[in-house]
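The entries below follow the order in which I looked things up.

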Amino acid sequence: MAQSSSLLKFSGHQHLRHRLVLSFLSGKPASLLRLLEKVTNGTIIEISYTGTSVLLKPGIISGGSVIHDCPLSRAVGYFIEPLIMLAPFCKKPLGLTLRGITTDDRDLSVDLVRTVTLPHLQLFGISDGLELRIKKRGAPPLGGGEVQFLCPVVKQVKTLNFVEPGKIKRIRGIAHAVRVSPQFSNRMIDASRSVLNRYIPDIYLYSDVYKGDDSGKSPGYALSLLAESTTGALHCAEAVSTPGGAPEDTALLASRALLAEIKRGGSVDRSHQVLVLLMMVLGSEDIGRCRMGEPSPRTIQFLRDARDFFGTSFKISPADPSDPSSTELIFSCFGTGYINTNRSVA
């Protein structure tokens, strides 16, 4: 990365979403692709003649009612993740409708966004009016799903102190099937229970079958699982159907992935490390602390980008120095005291 005046320049596409989010929140221009134009006002985007670079000068995060048709190359989760990071800092409460694929094997499904991602926002005092409604489901390749995301605006987020992961006390899950036999959901539930019942008795897996127009344009099924601890820590995993595969195989894959995620430890799972760390950076001017498992490559890059945009560095220390085999870490930082100025001028 090279820095000239206040312009930050990056290359590569892998960490596009969180760099765009950081650009809008910090107000610093970034040389990246366009994604979040619809929820902002006054954003200037200059595209090069070759189409290989874009200059983004962020405007006000306006919010309001927005409808967007997502391309079928990525699921709705790809687009809603960065918007969840921006939505609390809009000028007006965001009412976002997204249409497209609701579950695939690359991005978070709308089920996990609703049951895991949004509760993480509640850790920072963002709760009243926070909701994700699944109107229609859409499986790849043709999609046809529709979700509605509602988020209130806040003036400032709270400081987080979450260092006790606790013990797993319950497991919940959603098995959904569209344009296939409803028995596929039941078969996934039975197969998942055959693995998870060995560890904990409090398991409830819900069968969610959509019919008619609400089931989208393509057949498919998936299983989304989440484990909750005694202190409120959430770990999640999911698996989606594959051509020629059996529902039992999908369920076993999701169940084993959940167990692997729990084994990594921490108070936040790998899928939500970036969201929690961002909110810690934006928190009030106090020390925030959170216990996490081994950071993913995406998390490591986010820490570097957060330092470039906000000048915030994290102190990372072993959670249990007496146990050399433990990979859990304590992330701590001094919040920037970010104030939602968009809200104050509303």
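Why is β16 largely enclosed by the rest of the structure? I found that 6 of the 7 residues of β16 are buried, so the strand is largely enclosed by the rest of the structure; buried here means under 20% relative accessible area, with exposed over 50% and partly exposed in between, for a 1.4 Å probe and protein chains only. Helices (H or I, at least four residues) and strands (E, at least two) are DSSP runs, numbered from the N terminus.

**Basis of the model.** I note that this is a predicted model, in which local features need pLDDT of at least 70 and side-chain atom pairs count only at pLDDT 80 or more, whereas totals for chains, interfaces and linings use all residues. Residues are numbered from 1 along each chain as its sequence is written, and side-chain values use heavy atoms, with hydrogens and water left out. The pLDDT, which is the predictor's confidence in each residue from 0 to 100, has a mean of 90 over the chain, and 95% of the residues reach 70 or more. Over residues 31-35 the pLDDT is below 50, although this stretch has 21 contacts in the model beyond near neighbours in sequence, a contact being heavy atoms within 4.5 Å.

Ala227 has His235 of β16 as its bridge partner. The two strands, β15 and β16, form a hairpin with 4 residues between them, and Gly232 in the turn has a positive phi of about 95°. I also looked up Ser229, which lies in strand β15 and counts as buried because its relative accessibility is 1%. Leaving aside neighbours within four places in sequence, Ser229 is in contact with Pro165, Gly166, Lys167, Ile168 and Lys169.

**The largest pocket.** Grid points are joined across faces, edges and corners, and a volume is the space filled by probe spheres set on the points. The largest pocket has a volume of about 1,100 Å³ and is lined by 39 residues, of which Asp105, Arg106, Asp107, Leu108 and Ser271 lie nearest its centre. Among the elements that each supply at least two lining residues are α2 (76-86) and β16 (234-240).

**The cavities.** I counted 2 cavities of 30 Å³ or more. The largest cavity, of about 60 Å³, has a lining that includes Glu81, Leu108, Ser271 and Arg298. Its largest share of lining, 3 residues, comes from α2, a helix in which 11 of 11 residues are buried. The second largest cavity has a volume of about 40 Å³, and its lining includes Phe124, Lys158, Met279 and Gly335.

Terms used:
On a 1 Å grid over the protein atoms alone, a cavity is a set of points where a 1.4 Å probe fits but cannot get out, and a pocket is an open set with protein on both sides within 12 Å along at least five of seven lines; lining residues have an atom within 4 Å of a point. Two strands pair if DSSP finds at least two bridges between them.
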